[in-house]
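Dear colleague,

Please find below the sequence and structure that I am handing over to you. My findings follow directly after them.

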Amino acid sequence: MSMMQQPMLISSILEHAIVSHPNAEIVTRTVEGPIHRYTYAEAAKRSKQLANALGDKLGVKQGDRIATLAWNTSRHYELYFGVSGMGAITHTINPRLFPEQIAYIVGHAEDRYLFVDLTFLPLIEALKDKLPSLEGVVVLTDREHMPESDLELLCYEELIADCSETYEWPELDENAGAALCYTSGTTGNPKGVMYTHRSTVLHAMAACQNDALGIDVDSAILPVVPMFHVNAWGTPYAATMMGAKMIFPGAGMDGASIYELVESEKATQLLGVPTIWLGLLNYLDEVGKKLDTVHTVVVGGAAAPLSMVKAFQEKHDAFLLHAWGMTEMSPIGTVNSLTQKMREMPIEERYQHQLKQGRAVFGVEMKIIDDDGKALPHDGEAYGRLLVRGPWIVDEYYKNEDRSSFVDGWFDTGDVATIDSDNTMQIVDRAKDVIKSGGEWISSIELENQAVGHPDLSECCVIGVAHPKWDERPLLLAVRKEGTDPSPDSIREFLEDKVAKWWLPDAVVFVDELPHTATGKLLKIGLRKDYANYLTENGLA
Ligand code: ADP
């Protein structure tokens, strides 16, 4: 071997921060209320105190699973590094999962301890007899804020207070597990993805690249995407690597709270799912405010609509950086970063291009296949199931025999996509959501994102419903903005020049709200059932 074999470890990211940018800041809107700020050097000391406490006081060993149920905060950050650094597994749990699903995954992961924010304690109290693997619950607060509870609780600040600030991180195998995240499992039980130290470090290095999220020492990043879902897209690791200022919004996900933090902390890059940005944009419109410091808004998790691309650019001078990925991919797969070619495009054409999910980052290979498994051309026209492979993509689900998504060394994403000649990918739809009308496909995502551009609509959902002649036809479920009363016909008219005629929804139904998954995506399963025969029942087919 001619080169050194230095394992890629999460602890090495933190050690780099201690020597290279000890004074860079981590700012948190705390769950208790006030703004908390400290430096990477101080955060590292506390992560080491935590690692000591885990080993010495709680008897945690390498490989043990330690669960968290927490917002984006500095204490959660300390857990990311303290737990994984000492060789245990940081198992982040999504509090928006159904309680039975939370009980299921704690049991499946055999979590030994749970670190929980005050907000989520009631969730755990309600499940207390259903979590047999848990030996203790630690509340992420200080003594003063410790709540009354039927459970025996430990206090985080007390747990770490008297522990040493020095800790020798173990030299682990870089392929050892470091962090565990379960998919939200819209059908069946959630499935776990175990990220390794190596996959996490490589993913963070890729995420920082200019052509990816562009995180560097000058960045002040505000991840609204939660640390309980795919590690906030890897940003805590990436920012620590680069010495970027890290801004944690805590429980404040509404437009007003986000705006306040952006302004006071001079955030340069924001990251989150489209629903969060709809909330922020609406708020900014209402109060007539502008984002002054933000140059990039990273949007992923669901497709960004055209109206959002335009609003960020034209009202806030911020570039909407569209990205795609999934829990199984750590999550980053593609990013649509601004290229010279895009800069030279007429602006409307550039906006259209931004709707694509982007080019694969180095480390991710993609292909599209037809129903027979044959590879399809990268011509921007042919669409098929999207398969991926790479060093931060899942190879097997955690303690799960199901191999149905793994095909000859590739992972089947369950998405349907096109790929251009320059490897720019565009999601057509989730395979299960595509509408099959008369043998042709209609993209529910495309229809939703066109419809939501209607000035009177705040959210749209398109599903395929039974039709005697065409097999399936699109039905649009729409939520009206407060104080507006558009007619179904006006919605169809609005869509007429935006999509092919045969794509126009056969019916528009107004609803008060739409159901979402734990990760904020439209939950279509129930709707498909409820509205399955809508067209025939209403004499529309
Ligand atoms: P889950 O909600 O099941 O945990 P993830 O959060 O891992 O899922 O979401 C992965 C899926 O989200 C992708 O397979 C894709 O369908 C969808 N998705 C993610 N980013 C985008 C995007 N930019 N545009 C469209 N769909 C996206």
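**The ligand and its surroundings**

In this predicted model, an N or O atom in the side chain of R430 is 2.6 Å from an oxygen atom of the ligand. The protein buries 90% of the 580 Å² that the ligand exposes when taken alone. Two further side chains deserve attention: a polar atom of D415 lies 2.6 Å from a ligand oxygen atom, and an N or O atom of T519 is 2.6 Å from an oxygen atom of the ligand. Together with A323 and T327, the residues R430, D415 and T519 come nearest among the 17 residues around the ligand. By class, this shell comprises nine polar, five nonpolar and three charged residues. Strand β14 (residues 319–325) supplies its largest share, namely four residues.

**Residue T28**

T28 belongs to strand β1, which spans residues 25–29. Is T28 buried or exposed? T28 is buried because its relative accessible area is 1%, and buried means under 20%. Beyond its neighbours within four places in sequence, T28 is in contact with P34, I35, H36, N72, T73, S74 and F248. With S74 there is also a polar pair: a polar side-chain atom of T28 lies 3.1 Å from the backbone nitrogen of S74.

**Helix α10**

Strand β1 is also among the elements that cover the buried residues of helix α10, as are β2, β10, β11, β12 and α11. Helix α10 covers residues 255–265, and its buried residues include I258, Y259, L261 and V262. Just after α10, K266 takes a positive phi of about 55 degrees.

Yours sincerely

Conventions: Residues are numbered from 1 along each chain as its sequence is written. This is a predicted model: local features need pLDDT of at least 70, side-chain atom pairs count only at pLDDT 80 or more; totals for chains, interfaces and linings use all residues. Side-chain values use heavy atoms; hydrogens and water are left out. Helices (H or I, at least four residues) and strands (E, at least two) are DSSP runs, numbered from the N terminus. Buried means under 20% relative accessible area, exposed over 50%, partly exposed in between (1.4 Å probe, protein chains only). A polar contact is a pair of N or O atoms within 3.5 Å; within protein, one must be able to donate a hydrogen and the other to accept it, and residues adjacent in sequence count only if both atoms are side-chain atoms. Contact means heavy atoms within 4.5 Å. A residue is near a molecule or strand if one of its heavy atoms lies within 4 Å of it. Accessible areas come from the Shrake-Rupley method with a 1.4 Å probe; for residues, only the protein chains shown count as cover. Ala, Val, Leu, Ile, Met, Phe, Trp, Tyr, Cys and Pro count as nonpolar, Asp, Glu, Lys and Arg as charged, and the others, Gly among them, as polar.
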